[in-house]
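Here's a quick tour of the complex, sorted by topic. Have the viewer open and follow along.

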Amino acid sequence: MSDLLSSEIDLEKVLAGADEELAVRPDEPSLPPLEWAGKNLFGTGQGSIGAIVRGTFLTVIFAGLALLAYRAVLNFIFSENAGWDSVRINLRLLFTQAYPDENYTRVWVTVGVVAVLAGLSLGMTKVGPGFSFKRIATWLFSWGGLIVLGVLLREPSVLTDSNGETRFADSRGVELVRDTNNSLVYQNNDPAPSTGISALRENFGAAMGDRLGWWIIGLALLAIGAAIWFVLGDLRRRTTFVPAIPLALAGIGLLVSTTWWYRWGHYTFTEEGGFEYGPGELVATSTRIPWTIMFVLLVVAYLGGRLLARATASGPIRIGLSAAWLLAPFFTYYAILRGPIMDWAHVVSTDLPLWVLFAGLGGALLWLLTRPGLGEIGRILAVVVLAAAAFTWVGAFFGWFSMLQKVRLSVLFLGLTALLAPNFIGEARQRMKLVVGWVGFITIFHLLVTLINTASSIETPSEDFAGGFMVTIYVALFTMLFSFPLGVLLALARTSRMPLFRVMATVYIEAFRGVPLITMLFFFTVFVNIFLPGSMELSLMAAVTIAFVLFSAAYLAENVRGGMQAIRRGQYEASDALGLTTVQRTGFIVLPQALRVSIPPLVGQTIATFKETSLLAIVGVFDFLRMARDVVPAQTEFLGTRKPGLLFISAVYFIGAYAMSKYSQRLEKKLGVGER
Amino acid sequence: MSISDATTAVSEEMASRADMIVSDGVDKWYGDFQALKGVTATIKEREVVVVLGPSGSGKSTWIRCINRLEQHQDGRIMVDGVELTNDTRNIEKIRSEVGMVFQSFNLFPHITVLDNITLAPIWVRKKPRGEAEQLGRDLLERVGIPEQADKFPGQLSGGQQQRVAIARALAMEPRIMLFDEPTSALDPEMIKEVLDVMKELARSGMTMMVVTHEMGFAREVADRIIFMESGEIVEVGPPEHFFTNPTEDRTKLFLSQIL
Ligand SMILES: Nc1ncnc2c1ncn2[C@@H]1O[C@H](COP(=O)(O)OP(=O)(O)OP(=O)(O)O)[C@@H](O)[C@H]1O
Ligand SMILES: [Mg+2]
């Protein structure tokens with residue numbers, strides 16, 4: 001046993017690679033089960049009869065309610081006519097709508113990008129020792145217990161015959177059959193009693209027999225849990241750990257392996273626009289090979305990440321990884337999923353020269369502005385550039401001259417960056433930081449704008465190629481990426497000393513918080529095109545994303561402002577006394593602390609956005625909810641079958657939201673919110 | 001009033017030094033309440049001045065006016081020959097030459113001790129990171145806690161935090177250090193370690209202006225003591241004179257209450 005243990009600990013070190021041995025605070029020793037139950041369920045241990053009566057009463061009431069709900073859910077999930085096939089067959093439809101088969105590899109490339117990034121990130125995070133055996137045993141007990149309880153609790157099924165028809169019995173349980181008139185009678189053609197007819201149910205014994213597989217799974221989990229709990233002593237149970245990430249990877253691996261023996265749904269679209277069952281001819285539209293490749297990518301990236309974490313230059317690698325995460329949504333959406341058709345003539349004649357102009361001249365300008373001893377000229381030049389940017393917008397408004405939107409935005413960005421220049425005055429290396437940052441930024445910006453403006457090569461039945469969960473996740477991601485900086489800026493403006501900024505931010509925030517989101521969505525999908533100059537038109541996706549961004553930013557701004565108010569005045573005074581500029585004070589001292597304090601509300605807002613994307617169904621986007629509620633039930637095979645689809649998407653939403661909430665808890669702990 | 005010859009000699013030597021801080025008729029109002037009433041004093045290079053006075057007498061207000069954490073409404077403040085006006089460049093220049101240590105430390109809790117110290121040298125003084133970190137470690141050595149560099153402020157004792165705060169201020173290589181009750185928030189056993197650092201700093205020739213209630217420190221280290229009450233300077237003098245033979249009644253009353 002001791003050999004086994006020591007080898008486990010070695011394995012743990014190798015797998016989790018706990019870079020630093022994290023000391024583990026021993027938690028409370030575990031109570032014996034009966035004592036635990038008494039204390040936690042029946043209010044013993046407080047030494048008063050009243051507490052025991054109250055505790056027992058509440059426990060019985062709530063346990064009863066929970067059991068009833070559990071039983072109802074199980075009855076639905078396992079009933080013969082729940083119609084889970086409508087979900088299983090339509091998985092691809094639910095997740096990607098009618099993304100064309102011949103381009104489906106693009107979806108997998110996108111998933112692959114996420115898998116690689118996720119693997120690298122997991123490999124590079126510093127992790128604690130993992131899950132203690134005590135915790136794992138508790139999980140096994142809970143799940144095993146839940147399964148066994150469910151097996152016992154679920155109603156015996158209603159019997160159906162081979163045609164899927166329900167069978168009936170009289171009140172004594174004697175079976176009735178249909179005669180030629182389709183009315184229910186006894187076997188020997190005696191007419192059935194007019195009352196007391198009910199659907200024929202399995203008897204309890206037969207039902208339990210049918211659920212043998214579940215019995216075995218439930219009891220096995222309980223047995224393994226018990227083995228861990230009772231064979232290991234209390235102390236070792238609490239101090240033996242299984243690394244978390246490898247455990248999670250193993251779980252994912254198990255899930256992926258099911259694609260090899262279970263068909264998680266497959267259908268193909270026909271030329272006529274209908275669909276037919278069958279695995280499809282293309283590897284990309286099957287499940288097992290793509291998912292296996294994704295899993296391998298994930299694991300390989302994880303191992304690579306573990307190696308990189310040890311590398312000396314892991315700091316810059318981490319920054320690069322974060323940047324890749326930020327850019328991934330844009331590139332997967334616009335460059336991979338949309339399959340852009342590049343207009344090379346335009347690229348060479350316009351895009352490239354503009355890029356060279358802004359990267360080169362802009363870089364040179366910033367280099368000049370960071371020269372030591374430049375004095376006031378720097379600020380004046382920055383203001384001049386900003387004024388030029390403002391002028392281009394005014395010009396566009398009155399239609400004086402036409403100009404690419406990209407140019408206007410680039411000038412604006414250059415002006416804003418020029419304002420930052422005084423912070424980088426100094427030696428060549430210091431100055432180079434700003435120039436390199438600018439060139440990188442403007443390169444990515446121009447590349448993105450070019451991609452966004454390029455026509456898509458993907459032909460889909462509906463106008464918007466993105467649908468299903470794909471649209472949900474992209475709208476949520478873009479909303480987060482844009483609303484976050486906007487929200488921070490609004491919070492800064494609202495707390496700024498300049499009345500103009502303060503008033504504008506306050507008006508914005510109050511206005512957007514006072515309008516229902518759904519109204520905003522209608523406004524942006526219906527009205528906004530009226531206000532745009534003739535040549536411009538918002539696509540549906542762009543319109544709804546903008547609505548979400550503007551709406552979410554108002555709430556985020558208030559969260560961040562709350563965080564800023566929690567910062568004590570001494571922090572500002574200390575920064576001022578050290579001679580930090582306002583920008584430096586905000587960037588290094590105020591915002592980092594404010595964001596830390598506001599992690600819980602920020603994540604709350606993010607989760608809300610993720611779920612609120614389901615409102616897209618109302619403004620005509622084929623999002624996840626609409627696929628489950630309208631599209632699947634419209635198929636002839638599954639006419640009207642809504643419940644399983646809705647239950648399924650609820651589960652997916654829940655998993656996403658729960659994962660975010662868990663992540664935020666981890667982040668809070670890591671950043672020590674409340675401790676410092 | 002008789003001042004010994006030795007004191008006169010010292011005063012003459014002092015008079016020949018450059019003026020570091022000149023406060024000339026400084027008035028400061030909070031709304032209708034006048035917190036400073038024509039405060040006039042000059043602090044010379046390498047001089048250590050301790051400001052005493054009852055609570056609410058305007059000590060903090062005055063010291064905070066000197067690096068523009070508060071804005072005075074009337075009178076003039078000159079620091080190292082630069083006048084404090086609304087011109088931001090002057091304020092920036094003065095702030096980078098004047099270090100300040102607060103009663104409540106005001107360390108940045110979200111970054112390590114070393115980062116607390118190097119932040120301003122890197123971003124305000126534009127020092128290369130390596131050089132700044134070396135400076136930071138040297139300063140931590142000087143205040144006696146080199147081993148705490150990579151901890152977060154919250155993990156340090158009060159006395160250690162205040163020493164980090166002093167190191168942070170010194171990292172800007174200031175010509176003047178202002179202390180506003182640096183030991184008032186500390187447990188008695190930690191006060192000494194902070195005062196020792198301050199004494200060492202005074203010996204090294206730093207110009208210092210210290211608001212404190214530590215009479216022992218004032219007696220031992222101060223070149224001059226300034227006594228304030230109700231926003232006015234009541235009495236100024238060298239410590240031996242101030243503690244043993246004060247002229248003003250208000251000073252006598254104050255001393256009788258605290259000694
Ligand atoms: N922000 C403010 N607004 C209004 N009044 C203030 C403000 N700050 C200080 N005061 C008042 O100014 C006077 C001087 O305050 P100051 O803090 O300078 O006193 P102090 O001598 O430092 O006292 P202590 O020894 O208690 O620190 C006090 O009466 C105080 O109430
Ligand atoms: Mg004070």
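Let's begin in a loop of chain A: A:Asn182 sits between β3 (175-178) and β4 (184-186) of that chain. The phi of A:Asn182 is near 70°, a positive value in a residue that isn't glycine. Keep in mind that this is a predicted model.

- Chain B has a case of its own: B:Asp80 isn't a glycine, yet its phi is positive, at about 50°.
- To find B:Asp80, go to the loop of chain B that runs between β4 (74-79) and β5 (82-83).

**Where chain A meets chain B**
- The contact draws on 26 residues from chain A and 23 residues from chain B.
- Between them, chain A and chain B bury about 2,400 Å², and 62% of that area is on carbon and sulfur atoms.
- How many salt bridges join chain A and chain B? The count is one.
- That bridge pairs the side chains of B:Arg64 and A:Glu573, at 2.7 Å from N to O.
- As background, side chains of opposite charge can pair when their charged atoms come close.
- Polar contacts across the interface come to six residue pairs, with both partners at pLDDT 80 or more.
- On the side of chain A that touches chain B, α22 (569-577) and α23 (582-597) each supply at least two residues.
- Which element gives the largest share of that side of chain A? It's α22(A), with eight residues.
- Sorted by class, the side of chain A that touches chain B has 10 nonpolar, nine polar and seven charged residues.

**Around ligand 1**
- The surroundings of ligand 1 come from chain B, and the list includes B:Tyr30, B:Phe33, B:Ala35 and B:Pro54.
- Also around ligand 1 is the run of B:Ser55, B:Gly56, B:Ser57, B:Gly58, B:Lys59, B:Ser60 and B:Thr61, along with B:Glu181.
- B:Ser60 has a side-chain N or O atom 2.6 Å from an oxygen atom of ligand 1.
- With B:Gly58 the backbone is involved: one of its polar backbone atoms is 3.0 Å from a ligand 1 oxygen.
- B:Glu181 places a polar side-chain atom 3.1 Å from an oxygen atom of ligand 1.

- Over all chains, the whole structure has 28 salt bridges.
- One of the pairs in chain A is A:Glu510 with A:Arg494, whose side chains meet at 3.4 Å, N to O.
- The pair links distant parts of the chain, 16 residues apart: A:Glu510 belongs to helix α19 (residues 499-513) and A:Arg494 to helix α18 (residues 469-494) of chain A.

Technical notes:
Residues are numbered from 1 along each chain as its sequence is written. Chains are lettered from A and ligands numbered from 1 in the order in which they are written. Side-chain values use heavy atoms; hydrogens and water are left out. Contact means heavy atoms within 4.5 Å. Buried area is the accessible area (1.4 Å probe) that two parts lose on being put together, summed over both. A salt bridge is a side-chain nitrogen of Lys or Arg within 4 Å of a carboxyl oxygen of Asp or Glu. A polar contact is a pair of N or O atoms within 3.5 Å; within protein, one must be able to donate a hydrogen and the other to accept it, and residues adjacent in sequence count only if both atoms are side-chain atoms. Helices (H or I, at least four residues) and strands (E, at least two) are DSSP runs, numbered from the N terminus. Ala, Val, Leu, Ile, Met, Phe, Trp, Tyr, Cys and Pro count as nonpolar, Asp, Glu, Lys and Arg as charged, and the others, Gly among them, as polar. A residue is near a molecule or strand if one of its heavy atoms lies within 4 Å of it.
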